[in-house]
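Subject: Structure for your review

Dear colleague,

Please find below the structure that I am handing over to you. My findings follow it.

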Amino acid sequence: MDQFVLQGGPDFWDVHGVLFLVAIALFPRITMILATPWGGLLWWLGLIFLPRIQVAVLATYYYWETNPLLCIVAWLFCLGGEGAEKSTVARSGRRRRRD
């Protein structure tokens with residue numbers, strides 16, 4: 001079976017499971033703190049300000065050669081989640097000012 005794995009890196013499913021995939025999609029900050037080794041300044045900035053983008057970048061870096069479809073889905077979640085999060089925050093800010 002190893003002959004079918006592309007060269008480059010580990011397969012996502014050899015390292016993680018479905019529960020991790022759901023957790024990282026729904027709760028990126030908590031999952032990154034609990035499941036990844038802590039990094040330097042860029043790791044903390046990504047975790048605080050853009051956690052979904054950080055997850056997509058790391059997924060692409062580590063798993064693109066073995067799981068490109070998974071990386072594409074990570075980017076779709078990233079872009080959709082960041083947009084939804086920002087629009088929700090903007091709407092709640094407008095509602096508070098009216099009250």
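In which helix is the place of Q54? Q54 lies in helix α5. Please note that the model is predicted. Because its relative accessibility is 10%, and buried means under 20%, Q54 counts as buried. Leaving out residues up to four places away in sequence, Q54 touches M32, W43, G46 and L47.

The overall arrangement is as follows. The protein has 6 helices and 0 strands, and along the sequence the pattern reads α-α-α-α-α-α. Of the 99 residues in the protein, 26% are buried.

I then examined how helix α3 packs against two other helices. Two packed helices are described by the angle between their axes and the distance between the axes.

Helix α3 (residues 28-35) packs with helix α4 (residues 41-49) at an angle of about 150°, and their axes are 9 Å apart. An angle over 145 degrees counts as roughly antiparallel, so α3 is roughly antiparallel to α4. The crossing of these two helices, α3 and α4, is left-handed. On the α3 side, R29, M32 and I33 take part, and they meet W43, L47, I48 and F49 in α4. The residues of this contact of α3 with α4 comprise 6 nonpolar, no polar and 1 charged.

The axes of α3 and α5 come within 9 Å and cross at roughly 50°. That angle makes α3 oblique to α5. Here, α3 passes α5 in a left-handed crossing. The contact is formed by P28, R29 and M32 of α3 together with P51, R52, Q54, V55 and L58 of α5. By class, the residues in the contact of α3 with α5 are 5 nonpolar, 1 polar and 2 charged.

Finally, which residues make up the largest nonpolar core? This core has 10 residues in all: F12, F20, I24, M32, W43, L47, V55, Y63, L70 and C71. At least two residues of the core come from each of α2 (18-26), α4, α5 (51-63) and α6 (68-98). One of the core residues is L70; apart from its neighbours within four places in sequence, L70 is in contact with F12, W13 and L21.

Yours sincerely

Terms used. Residues are numbered from 1 along each chain as its sequence is written. This is a predicted model: local features need pLDDT of at least 70, side-chain atom pairs count only at pLDDT 80 or more; totals for chains, interfaces and linings use all residues. Side-chain values use heavy atoms; hydrogens and water are left out. Axes are lines fitted to C-alpha atoms, for helices over the stretch in contact, and angles run from 0 to 180 degrees between N-to-C directions. Helices (H or I, at least four residues) and strands (E, at least two) are DSSP runs, numbered from the N terminus. Angles under 35 degrees count as roughly parallel, over 145 as roughly antiparallel, 65 to 115 as roughly perpendicular and the rest as oblique. A crossing is left-handed if the near helix is turned anticlockwise from the far one by less than a right angle, and right-handed if clockwise. Contact means heavy atoms within 4.5 Å. Ala, Val, Leu, Ile, Met, Phe, Trp, Tyr, Cys and Pro count as nonpolar, Asp, Glu, Lys and Arg as charged, and the others, Gly among them, as polar. A nonpolar core is a set of buried Ala, Val, Leu, Ile, Met, Phe, Trp, Tyr and Cys residues joined through side-chain atoms within 4.5 Å. Buried means under 20% relative accessible area, exposed over 50%, partly exposed in between (1.4 Å probe, protein chains only).
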